[in-house]
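Grab a pencil and work through the exercises below. Each one comes with its solution.

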Amino acid sequence: VTAAMERGARGIGIDMDPMRIAEAMELAGNSMVEHMTDFFEADLMEVDFSDATVITLYLLDMVNLELRPRLLEELKPGTRIISHAFDMADWKPDQHVRLGSVNLFKWIVPAQVAGDWHWSTNNGEQFRVSLKQKFQQLGGTAWCDDQPAKLKHANLHGDLLELDIISADGTTNNFILRWNKQQQLV
């Protein structure tokens, strides 16, 4: 309701408690945003939320962990997840804010970029990286024209991969690559 009122966002609320659904519908009506919101009594572990661009959670940490595999597998890279009070264990948040006694956590769903990638530049240089991934954290090795290179920096933000590769001759090469499901890296 707040997102609809303050940001003009379309919102869908899901809860197993019919009383919470009734309260939310009443609040939406009183706030004049009922046309921008829908509320469903459902089990969050079964509902399809794959089209969401933002997910907000106020669940216990053990429920967040149970839900985490679905969030990572079903949501598009770049989808934002905001959790009030509870984190997701070893999936470190992209941002953590403390407002008084309240903890807010923000994650951006990362693309699955682990593996070997090959591409050429306009001047004919051949690059290859072998990436290891744990959520949005990356590491790995790089080559330029089949010579070992240094992967100085690898940053993943949703579907955007930023790489700094230092060639054997000391040249720093900066790449910004966008991942998509059909083409992998482009």
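Helices (H or I, at least four residues) and strands (E, at least two) are DSSP runs, numbered from the N terminus. This is a predicted model, where local features need pLDDT of at least 70, side-chain atom pairs count only at pLDDT 80 or more, and totals for chains, interfaces and linings use all residues. Residues are numbered from 1 along each chain as its sequence is written, and side-chain values use heavy atoms, with hydrogens and water left out.

**Exercise 1.** Work out where R80 sits and what R80 touches.

*Solution.* Start with the strand: R80 belongs to β4. Next, check exposure (buried is under 20% relative accessible area, exposed over 50%, partly exposed in between, with a 1.4 Å probe and protein chains only). At 37%, R80 is partly exposed. Now list contacts (heavy atoms within 4.5 Å). Leaving out residues up to four places away in sequence, R80 touches T53, V54, I55, K106, W107 and I108. Take W107: its C-alpha lies 5.8 Å from that of R80, though they are 27 residues apart in sequence.

**Exercise 2.** Find what R10 pairs with, and say what the pair ties together.

*Solution.* A salt bridge needs a side-chain nitrogen of Lys or Arg within 4 Å of a carboxyl oxygen of Asp or Glu. R10 has one with D38, closest N and O atoms 2.2 Å apart. R10 is in the loop between α1 (2-7) and β1 (11-15) and D38 is in β2 (residues 37-41), so the pair ties together parts 28 residues apart in sequence. Finally, R10 is exposed at 53%, while D38 is partly exposed at 29%.
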